[in-house]
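Here is a brief report on a protein model. It takes the fold, then the core, then the surface.

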Amino acid sequence: MHGPVSASWLLVALCAATGAYCLLRMRSEVEEQRRAAGGEALMGFGMAAMAVPAAVFSAPRWVWPVYAAVFGVAALRALWAARTGPHHLHHLVGTSAMVYMSLAMASVSGAHHVHGAAGAAPVTGVLLLYFAGYVLLAGARLVPTASATGPVAAATGPAAVRWGDRPELARACRLSMGIAMVAMLLTM
């Protein structure tokens, strides 16, 4: 990733924290949540590794095809899971975006002069539009509604739910990864 070093480190911290929380969510008793959390943890840690400033660590050229292969396998898994429900399509788009960014990084000689390499590509634009829309939608979903703040919600609220099972935190993690994806696509 190319850009200001302080912004890169903030992106590393955000993505690593998101990945760590997703690992916590993998302890859930709900099987579907465990599966989704595993894929999101992979995305979080993968994005954190990609966001490390090139001035600090310039990955060898062979790393990017390995990233593309790992996220390619994750994309195939998301495609397989999408047959059971459309909500898995977002994971497919996210993993495909990681494959795209990995291949863009691999195609640039030196792997640290990436600024502008794929910034004008139509695929980058489409991905930016998708993730910007996703961020706006995910942010709107986090806004509390009047029905969620009533006395019934307070009685059955977050105190009875384990940290790994809190839906608002899962949504916040997805929002964080969407924001990080927008930032990473902008700095390509």
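The sections below go through the structure by topic.

## Basis

This is a predicted model, where local features need pLDDT of at least 70, side-chain atom pairs count only at pLDDT 80 or more, and totals for chains, interfaces and linings use all residues. Residues are numbered from 1 along each chain as its sequence is written, and side-chain values use heavy atoms, without hydrogens and water.

## Fold

The protein has seven helices and zero strands. Helices (H or I, at least four residues) and strands (E, at least two) are DSSP runs, numbered from the N terminus. Along the sequence the pattern reads α-α-α-α-α-α-α.

Contact means heavy atoms within 4.5 Å. Of the contacts with a separation of 6 or more, 78% join residues 24 or more positions apart.

## Core

Of the 188 residues, 40% are buried (under 20% relative accessible area; exposed is over 50%, partly exposed in between; 1.4 Å probe, protein chains only). A nonpolar core is a set of buried Ala, Val, Leu, Ile, Met, Phe, Trp, Tyr and Cys residues joined through side-chain atoms within 4.5 Å.

The largest such core holds 36 residues; Met47, Met98, Met101, Met181 and Leu185 touch the most other members. Helices α1 (5-25), α2 (31-51), α3 (63-81), α4 (89-107), α5 (122-142) and α7 (167-186) each supply at least two residues. α4 gives the most, with eight. Beyond neighbours within four places in sequence, Leu185 contacts Met101, Thr124, Leu127, Leu128 and Phe131.

## Surface

The accessible surface is about 10,100 Å², with 73% from carbon and sulfur atoms. Areas come from the Shrake-Rupley method with a 1.4 Å probe; for residues, only the protein chains shown count as cover.

Val5 lies in helix α1. Val5 is partly exposed, because its relative accessible area is 38%.
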